[in-house]
Amino acid sequence: MANFEIFDEPTRTELKAECDYESLRKVKMTEMTGNATAKKSIHIYATDCNYDENKKPEPIFVASAGFIKPKDVSFEWKNFDTLTIRYNKKLQIFKQKTESESVNPKIIFEYIVD
């Protein structure tokens, strides 16, 4: 058991980061590895494009599943204030905001289930 790390700290891998058309707001998608107690998950966050490390990014969307892959979730800017998030219908959704609370100007989130 000494070499078998059941409760390893999850690692975060950035999958995609994109600013809006005016370079005001940034949306970032990351993948968190799982361990014996947590499944792998994909997270989407919103921040300002000039992200300050002291300011915490706003969590927008969190999905998980034992089979989750980066292609199971995607996002794209629909227009200046709307972001479209697509995700696999078999995923377990933990967070799904409809609009941002801390990012200015506000972002509206539109979801498409595949």
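Residues are numbered from 1 along each chain as its sequence is written, and, because the model is predicted, local features need pLDDT of at least 70 and side-chain atom pairs count only at pLDDT 80 or more, whereas totals for chains, interfaces and linings use all residues. Side-chain values use heavy atoms, with hydrogens and water left out.

The protein has eight strands and zero helices, so that its pattern along the sequence reads β-β-β-β-β-β-β-β; here helices (H or I, at least four residues) and strands (E, at least two) are DSSP runs, numbered from the N terminus. Of its 114 residues, 36% count as buried, where buried stands for under 20% relative accessible area, exposed for over 50% and partly exposed for values in between, with a 1.4 Å probe and protein chains only. The accessible surface comes to about 7,100 Å², and 49% of this surface belongs to carbon and sulfur atoms; accessible areas come from the Shrake-Rupley method with a 1.4 Å probe, and for residues only the protein chains shown count as cover. Among contacts with a separation of 6 or more, 52% are between residues 24 or more positions apart, a contact being heavy atoms within 4.5 Å.

Strands of a sheet pair through backbone hydrogen bonds, either parallel or antiparallel. In this account two strands pair if DSSP finds at least two bridges between them.

Strand β6, residues 82-87, runs parallel to β8 and is joined to β8 by six bridges; Y87 stands opposite V113 in β8.

By the rule that a side-chain nitrogen of Lys or Arg lies within 4 Å of a carboxyl oxygen of Asp or Glu, the count comes to eight salt bridges. One of them brings together the side chains of D20 and R25, at 2.6 Å from N to O; D20 is buried, with a relative accessible area of 4%, and R25 is buried as well, at 0%. Another salt bridge joins E110 and K78 at 2.8 Å, N to O, and this pair links distant parts of the chain, with E110 in strand β8 and K78 in strand β5, 32 residues apart. E110 is partly exposed at 26% relative accessible area, and K78 is partly exposed at 48%. The side chains of R86 and D114 meet in a salt bridge of 2.9 Å, N to O; R86 lies in strand β6 and D114 in the segment after β8, so the pair ties together parts that are 28 residues apart in sequence. R86 is partly exposed, with a relative accessible area of 32%, and D114 is partly exposed at 48%. Salt bridges that share partners also join E58, K97 and E101 into one network.

Two loop residues complete the picture. S100 lies in the loop between β7 (92-96) and β8 and is buried, with a relative accessible area of 1%. Leaving aside residues up to four places away in sequence, S100 touches E58, K106, I107 and F109, while the C-alpha atoms of S100 and Y45, 55 residues apart along the chain, are separated by 9.7 Å. Y21, in the loop between β1 (12-19) and β2 (25-32), is by contrast exposed, with a relative accessible area of 53%. Together with L24 and F80, Y21 forms a nonpolar patch on the surface, with about 290 Å² of accessible area for the three together. Patches are made of residues with over 30% relative accessible area and no salt bridge, like charges being joined within 9 Å and nonpolar side chains (Val, Leu, Ile, Met, Phe, Trp, Tyr) within 5 Å.
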